[in-house]
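Here is a briefing on one protein structure. Look over the sequence and the model, then read the points below.

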Amino acid sequence: MSYRVRIREKAEQDVMAQQDWHEQLRAGLGLAFTEEFEPAVAVLEQTPLIYPVIHRSVRRAVLRRFPHLLWFRISGKLVTILACTHGRRDPAAVRQHLS
C-alpha cells in the first residue's frame, strides 16, 4: 500500500532549522541531515505502520544517523508529518509541539 506524505508547515520549519544548525556546526552536515530526512519520508510513503503510536494517534520515526524524531499521524492513505524534534527534547514540550 502506498501513502501520500504531507509535511506540515511547522515541521518544514523544524527541518530547515535543523539543517541550518547542523550546517553551522560543520560545512556539509546540513546536507547530510537532508540526505537522512528524505529516505525517512520515503519509508513513511511505503510502511508508516511499522512505527509505534506514542501519544494518542501520533507515531514516531527515528532518523538513523541523527538523533532526531519525525512525529506523524496517519489518516487513511495520508501521512502528515507534524514535527521534527531532537531526540533529547522534553516529552512534554514535544506534546505541545504536536497540536
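In this predicted model, β4 and β5 form a hairpin with 2 residues between them. Glycine 76 sits in the turn and has a positive phi of about 65 degrees.

**Strand pairing**

- Strand β5 covers residues 78–86 and runs antiparallel to β4, with 8 bridges joining the two.
- Phenylalanine 72 has isoleucine 81 of β5 as its bridge partner.
- On strand β4 (residues 68–75), there is also pairing with strand β3 (residues 58–62), again in the antiparallel sense, over 4 bridges.
- β3 and β4 make a hairpin too, and 5 residues lie between them.
- Alanine 61 is bridged to leucine 70 in β4.

**Nonpolar cores**

- The largest nonpolar core holds 20 residues.
- Val5, Phe33, Leu44, Leu70, Phe72, Val79 and Ile81 are the members that touch the most other members.
- At least two residues of this core come from each of α1 (9–25), α2, β4 and β5.
- α2 is the top contributor to this core, giving 7 residues.
- Apart from this core lies another one, of 5 residues, which includes Val58, Trp71, Leu82 and Ala83.
- In soluble globular proteins, nonpolar side chains tend to be buried together.

**Leucine 70**

- What does leucine 70 touch, not counting residues up to four places away in sequence?
- Its contacts are Phe37, Ala40, Leu44, Arg59, Arg60, Ala61, Leu63, Ala83 and Cys84.
- Among these, Ala61 is also the bridge partner of leucine 70.

**Largest pocket**

- The largest pocket contains about 180 Å³ of space.
- Its lining consists of Glu35, Glu36, Pro39, Ala40, Val43, Tyr51, Ala61, Val62, Leu63 and Arg64.
- Which element gives the most to the lining of the largest pocket?
- α2 does, with 5 residues.
- α2 (29–46) and β3 each supply at least two residues of the lining.
- By class, the lining has 7 nonpolar and 3 charged residues, and no polar ones.

Conventions. Residues numbered from 1 in each chain as written. Predicted model: local features only at pLDDT ≥ 70, side-chain atom pairs only at ≥ 80, totals over all residues. Heavy atoms only, no water. Pairing = 2+ DSSP bridges. 1 Å grid on protein atoms, 1.4 Å probe; cavity = no way out; pocket = protein on both sides within 12 Å on 5 of 7 lines; lining within 4 Å. Points joined across faces, edges and corners; volume = space filled by probe spheres on them. Nonpolar A, V, L, I, M, F, W, Y, C, P; charged D, E, K, R; others polar. Core = buried A, V, L, I, M, F, W, Y, C linked by side-chain atoms within 4.5 Å. Buried < 20%, exposed > 50% of the residue type's maximum accessible area, 1.4 Å probe, protein only. Contact = heavy atoms within 4.5 Å.
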